[in-house]
Amino acid sequence: AAMLGAIDKMEICGDYVIAMDRDVRHQLCVFDRNGKFLHAIGAKGNGKGEYADLLDFTCDSGEGLIYILDGKGGKYIHTASVKENIRNRLTAPTSM
């Protein structure tokens, strides 16, 4: 089975490539720089380590962290390590 149904966004984060498929598989996938799939980050859902509506993500290469914007039922920002799954869920600011 394919890891991704479609690539909506891709970002290089240090030694890793993070790809987002928000419409088909609703998932972030981590690959090495050679394209080998390493693991998925989170999953669609409302439980711990899940996001209800995967909107966007960005990576902090220096810290090795991925910030995931979840927009359903209020906006949340999840943090994850490129080597691990989702760590925290924070309420996103309502205005910037």
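Reader: What should I know about the model and its numbering?
Author: This is a predicted model, in which local features need pLDDT of at least 70 and side-chain atom pairs count only at pLDDT 80 or more, while totals for chains, interfaces and linings use all residues. Residues are numbered from 1 along each chain as its sequence is written, and side-chain values use heavy atoms, with hydrogens and water left out.

Reader: In what order do the four strands of the open sheet run?
Author: The order is β1-β2-β3-β4, and the pairing is antiparallel. Strands here are DSSP runs of E with at least two residues, numbered from the N terminus, and two strands pair if DSSP finds at least two bridges between them.

Reader: Which strands stand at the edges?
Author: β1 and β4 (37-41) do; each has a single partner strand, so one side of each is left without a neighbour in the sheet. From one strand to the next, the twist averages 25 degrees, where axes are lines fitted to C-alpha atoms and angles run from 0 to 180 degrees between N-to-C directions.

Reader: How many bridges join β2 to β3?
Author: Six, with the two strands antiparallel. Asp21 has Gln27 in β3 as its bridge partner, and Met20 has Leu28. These strands form a hairpin with five residues between them, and His26 in the turn has a positive phi of about 55 degrees.

Reader: And what about β1 and β2?
Author: They pair in the antiparallel sense over five bridges, with Ile12 opposite Val17 in β2. They form a hairpin too, with two residues between them; Gly14 in the turn has a positive phi of about 65 degrees.

Reader: Is β2 covered on one face or both?
Author: Both faces are covered: Tyr16, Ile18 and Met20 are buried on one side, and Val17, Ala19 and Asp21 on the other. Buried means under 20% relative accessible area, exposed over 50%, and partly exposed in between (1.4 Å probe, protein chains only).

Reader: Which residues touch the most other members of the largest nonpolar core?
Author: Of its 15 residues, they are Ile18, Leu28, Ile41, Phe57, Ile66 and Ile68. The elements giving two or more residues to this core are β2 (16-21), β3 (27-32), β5 (54-60) and β6 (65-70). A second, separate core of five residues includes Val17, Ala19, Cys29 and Phe31. A nonpolar core is a set of buried Ala, Val, Leu, Ile, Met, Phe, Trp, Tyr and Cys residues joined through side-chain atoms within 4.5 Å.

Reader: Changing topic, which cysteines does the disulfide join?
Author: The disulfide joins Cys13 to Cys59, with an S to S distance of 1.7 Å; the rule is a pair of cysteine sulfur atoms within 2.5 Å. Cys13 lies in strand β1 (residues 9-13) and Cys59 in strand β5, so the pair ties together parts that are 46 residues apart in sequence.

Reader: Are those cysteines buried or exposed?
Author: Cys13 is buried at 2% relative accessible area, and Cys59 is buried at 14%.

Reader: Which side chain does the side chain of Asp56 make a polar contact with?
Author: That of Lys9, at 2.8 Å. A polar contact is a pair of N or O atoms within 3.5 Å; within protein, one must be able to donate a hydrogen and the other to accept it, and residues adjacent in sequence count only if both atoms are side-chain atoms. Asp56 is in strand β5 and is partly exposed, at 33%.
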